[in-house]
Amino acid sequence: MVTPCGLLTDKQKPVPLKSISVSLSINEFVTGVSATLNYENEQKVPLEAAFIFPMDEDSAVYNFEALVDGKKIVAELQDKIKAHANYENAISQGHQAFLLEEDVSSRDVFSCNVGNLQPGAKVALTLRYVQELSLEADGALRFVLPTVLNPRYQLSGCSQHSCLNRRIPIVPLEEDLPYTLSMVATITSQHGIEKVQSNCPLSPTEYLGDDKTSAQVSLADGHKYDRDVELLIYYSEVHTPSVAVEMGMPEMKPGCLLGDPSAMVSFYPNIPEAQPPNTCGEFIFLIDRSGSMESLLSSQSKSQPRIEAAKETLILLLKSLPVGCYFNIYGFGSTYEAFFRESVKYSQQTMEEALGRVKCIRADLGGTEILAPLQNIYRAPSIPGHPLQLFVFTDGEVSDTFTVIKEVEINRQKHRCFSFGIGEGASTSLIKGIALASRGTSEFITGKDRMQSKVLRTLKHSLQPMVEDVSVSWDLPPGLSAKMLSPEPTVIFKGQRLIIYAQLTGAMPPAETTGKVCLKYAFQGKSFEDKVTFSLQPKPDANLTIHRLAAKSFIQTKDMGLMETPASCKSEILNISLESGVISSFTAFIAINKELNKPVQGPLTYMDIPRTFLLGRLRGGGVAMAQAQSCSQKMKCMARCGKMEKTHSPTNRNNLETHHTGGNLFEKHQAEAVRENLLIQLIALQNANGSWDLNEDLAKALAMSLEDITAAHPAELVEPSGWATILAVIWLHANVKDLKCEWDLLERKAVAWLRIHAGSTTQALVKVANTLLKSSVNPAIFSF
């Protein structure tokens, strides 16, 4: 029975999906994925089964096939309207049919329909896709297999054709789904594989050679579908620019995408630090306060509630802003509200007022309607000399994804948008889409990530002056030219990888010929260029990985869904999709087994395949209810501005589960919790101008007595606040240097303030402070 909260599984009625097996082939910076869904109808009536599942926004799905009674049926990619008609027609004629398509409202949700699954029948459906691996700040290549699909908040005007409108069956987290997941990953890299980590238990890493250029890992048995599966792959070297050229299909005509060679270019521009960094800008922080933000970052017992992680991060952002900029904070749900009527100038007074309101933020605004606050932000007049930088924090559970992305794209000349997907199951389509549309960046934060480090790295990007006059040029032999398939790069950020796809048209030269590609840009009045020389002998790849990724890149820049895509782009998207075999909003895969020709007696029994998800949701009003366990995880309200008592276990990259254990993890977590709690307290005490006050609160944050600090104060050299600031900066270097990415901007403000208020006495002060704190921090840290 369909209940108001969705269909619950009945163990007396077996679900036709029995297992999912996934095979990964990771080569350098791209991965090929083959996922097989095994079905069996154990009931006495024919079924039509539907399975709705998440997929990363960047996935290029290019193949879909069925294995029925030993016979392989390869699906054809067709115009979506035609595919739907053919599917319904096949079912009505008694044929077996299979349909795979993107959801009409979001590119990261797919549905798979199996029509006319006869009693006792077994079918294996396989879909294949390729995907770029994202590069993390610590050099890890990140692959995510999405397994969590949270219900998306439904707007009244949303398309009724979306698969998200179905009442997807729900299984509570504590119960097992009636189907299993297995995954095996084979990794190859000429750079050498240092290690593989995961947020899920893995089998021991098996190296397939002495040189560690090939390895294999697999997911341990018993995955509960309570989290996305994340792999972090560390190579010996990932920042070297490279060009890979892939051979086209010989049977295809030259001039078409699959008939010509394709090139994938990876750049890692070495952009210098701005001197000095920008102190201007209008910074608006848009925080999701829908009910779903009360749930945990992940299913793990010590995970932090999403809203509390966002509040902690907001405090750090407010402390890190430069003096003289403008800022505002919006919260949104079914409604929205702003801290200030309009953006205000950053000062001690406005910072303290904002911090006082941050501590009272709750996930109490209902649904997830982000479009209205975005429109309000864009309507506000711009502040001369202060470009708008928008930071969006959301779990991404919206259904009007394409409408939101379109709104951001319309206003792309007014701002840059930096987006953060919070928690398992966040919509990759929304998070990546709004960043791409506005020339910003996107990040995803789960229970194993520190949100602060990712957000502060992004804030540093936004404070960097614009990289200008970006261009890509090719130096190729006569008769050969490069046609760009990726959009021309306009923005480059420090520490970011830039990937470009191109189609090589014309006559390929004889052996041993090379070409060059050059990236040029200007930064703070200086010109830079990166050149890569590469072989023009394309390598064959049966899966045409680079061609598929190039097609996906092209489609992504133009495809805004069935309803939002301009008419001028539809035919172009459809043609590239059909030519390359890469699915789009306008195409769908369909396979028909005409050998099964049993007339259907009445309507087929329809069955949605159940899923788990991380939170409950009332269907009527769309208000999310967090799991009961999240209540016990709530962090206590801050006792004073910016001060929190942390009840969660701190996590970072080093705490990702691996195939081995060592040491007392509980004691390690306890020590980390104390250290990070002191860091949060110290950050909360910094003034807007970068200084600290000498008082009891500072002493507690430094884990010292105020009497000892005051007694050691060289009053003849500096005033009390100068002494306090010296101590705070040295404590940061001595105790939390591994988290410097989180307090780097705070330190810059402190050093700038000390130059004015301590001057030439700084070196002497550092010597006294080192003695007091029993540290050995180099005075040179105050010289930049």
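Of the contacts in this chain (heavy atoms within 4.5 Å) between residues at least 6 apart in sequence, 76% join residues at least 24 apart. Before I go on: this is a predicted model, where local features need pLDDT of at least 70, side-chain atom pairs count only at pLDDT 80 or more, and totals for chains, interfaces and linings use all residues. Residues are numbered from 1 along each chain as its sequence is written, and side-chain values use heavy atoms, with hydrogens and water left out.

The overall picture, then. The chain has 17 helices and 34 strands; these are DSSP runs numbered from the N terminus, helices being H or I with at least four residues and strands E with at least two. Of its 784 residues, 60% are buried. Buried means under 20% relative accessible area, exposed over 50%, and partly exposed in between, with a 1.4 Å probe and protein chains only. Carbon and sulfur atoms account for 52% of an accessible surface of about 31300 Å², computed by the Shrake-Rupley method with a 1.4 Å probe, where for residues only the protein chains shown count as cover.

Now the aromatics. How many aromatic pairs are there? The count is 15. Rings of Phe, Tyr and Trp (its six-membered ring) pair if their centres lie within 6.5 Å; planes under 30 degrees apart are stacked, over 60 edge-to-face, and the rest tilted.

Take Phe393 and Phe420: their ring centres are 4.8 Å apart and their planes at 10°, so this pair is stacked. Phe393 belongs to strand β23 (residues 388-394) and Phe420 to strand β24 (residues 415-422), 27 residues apart. Phe393 is buried at 2% relative accessibility, and Phe420 is buried at 0%.

Phe418 and Phe493 are edge-to-face, because their centres are 5.8 Å apart and their planes at 65°. Phe418 is in strand β24 and Phe493 in the loop between β27 (480-484) and β28 (498-506), so the pair ties together parts 75 residues apart in sequence. Phe418 counts as buried at 0%, as does Phe493 at 4%.

Two lysines sit over tyrosine rings. The rule is NZ of Lys or CZ of Arg within 6 Å of the ring centre and within 35 degrees of the ring normal. Lys195 is over the face of Tyr234, 4.7 Å from the ring centre; Lys212 has its charged end over the ring of Tyr207, 4.8 Å from the centre.

Last, cysteines. With a disulfide taken as a pair of cysteine sulfur atoms within 2.5 Å, the count is zero. Cys569 is buried, at 14% relative accessibility, whereas Cys741 is partly exposed, at 31%.
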